[in-house]
Amino acid sequence: MRAISANATMSVIDVPDPQPRAGEVVIDVVAAGVNRADVLQRAGHYPPPPGASEIFGLEVSGRISALGDGVTGWSIGDEVCALLAGGGYAEKVAVPSVQVMPVPHGISLVSAAALPEVACTVMSNVVMAGRLSPGELFLVHGGTSGIGTHAIQLARAMGARVATTARTSEKLARAQQLGANILINYIDDDFTERLKAEGGADVILDIMGAKYLDRNLSALDTNGRLVIIGMQGGAKAELNIGTLMAKRASIIGTTLRSRPSSGTPDSKASVVTETVARTWPLVESGDIRPIIDSTFPLADVAAAHERLTSGDAVGKILLTV
């Protein structure tokens with residue numbers, strides 16, 4: 001099969017077809033999502049977990065073409081999407097069956113590739129870890145990213161008030177269309193003061209890490225939860241423990257890629273189950289829709305990465321196979 005080489009050149013290469021191990025299925029890939037984790041891995045900063053494919057790609061959509069021993073609930077030919085630890089930039093991928101999801105009704109097979117990573121990330125961090133509840137104030141940084149566009153829609157559908165940051169008025173307008181009602185241009189405005197004026201955030205989903213730690217903590221309401229899922233602004237910062245204690249706040253750091261496939265309460269299988277149960281009905285009703293910025297053929301993967309790193313994209317970037 002054809003795949004993208006797992007190095008900086010990202011050339012198309014021929015590799016053996018994957019064979020399903022016990023509990024796995026093989027998916028003939030129709031489309032794959034492009035994520036910042038892929039860019040980090042390409043730069044040598046985010047290696048795949050032990051045992052995972054070295055090929056880039058954390059999510060795909062396609063059709064099941066083979067079943068491993070012990071797999072139940074799936075059949076050859078089923079149209080699915082899946083959360084991966086790696087291997088998505090290829091014509092075929094093997095994945096544990098517990099990480100496979102049906103394509104939501106009303107969503108095309110290509111568009112379904114835009115869902116697994118963002119939907120599972122937002123479910124595991126905003127809902128399961130952050131415990132967002134109706135009526136609470138939710139802040140997501142980078143509201144027009146793939147994760148941001150999904151997080152805004154899910155939080156709105158849950159009945160939360162939604163605040164977001166972005167760097168241009170055009171991007172903020174797109175975020176508003178998706179359901180954000182507190183719009184903050186982080187170039188010109190202090191999001192901390194804006195959130196304080198609103199009473200403070202109950203949950204913040206942060207991709208910046210060190211650079212925003214102090215300001216995020218200041219922006220929290222009492223009993224607020226700061227969930228950090230990225231380090232685009234650095235990995236080390238000073239923490240004002242006094243402020244943390246006075247607010248009875250929580251700081252939660254999580255990753256999704258390195259979690260075990262199953263066997264623990266926060267495994268990928270648990271996240272996938274919650275996502276299908278709680279998010280898929282909202283996708284099928286139209287309350288949440290995959291926001292796709294652009295699609296590129298697999299061989300144009302370098303252009304897809306350039307689009308992602310430009311900062312101009314709104315929503316997900318996909319590779320079609």
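Of the 44 residues in the largest nonpolar core of this predicted model, Cys-120, Leu-132, Phe-138, Ile-152, Leu-154 and Leu-205 touch the most other members. A nonpolar core here is a set of buried Ala, Val, Leu, Ile, Met, Phe, Trp, Tyr and Cys residues joined through side-chain atoms within 4.5 Å, where buried means under 20% relative accessible area with a 1.4 Å probe, protein chains only. Helix α2 (residues 116-129) gives the largest share of this core, seven residues.

Let's look at Leu-154: leaving aside neighbours within four places in sequence, its contacts (heavy atoms within 4.5 Å) include Val-122, Met-123 and Ile-288. There is also a second, separate core, and Val-25 and Leu-308 are among its members.

| Core | Residues | Some members |
|---|---|---|
| Largest | 44 residues | Cys-120, Phe-138, Leu-205 |

Six strands form an open sheet in the order β10-β9-β8-β11-β12-β13, with parallel pairing. Because β10 (182-185) and β13 (250-253) each have a single partner strand, one side of each edge strand is left without a neighbour in the sheet. Strands are DSSP runs of E, at least two residues, and helices are runs of H or I, at least four, numbered from the N terminus; two strands pair if DSSP finds at least two bridges between them.

Strands β11 (residues 201-206) and β12 (residues 220-228) are joined in the parallel sense by five bridges, and Leu-205 stands opposite Val-227 in β12. Helix α3 (residues 146-157) packs on the sheet, touching β8 (137-140), β9 (161-166) and β11.

Residues are numbered from 1 along each chain as its sequence is written. In this predicted model, local features need pLDDT of at least 70 and side-chain atom pairs count only at pLDDT 80 or more, while totals for chains, interfaces and linings use all residues; side-chain values use heavy atoms, leaving out hydrogens and water.

Note on methods: Axes fitted to C-alpha atoms, helices over the stretch in contact; angles between N-to-C directions. Buried < 20%, exposed > 50% of the residue type's maximum accessible area, 1.4 Å probe, protein only.
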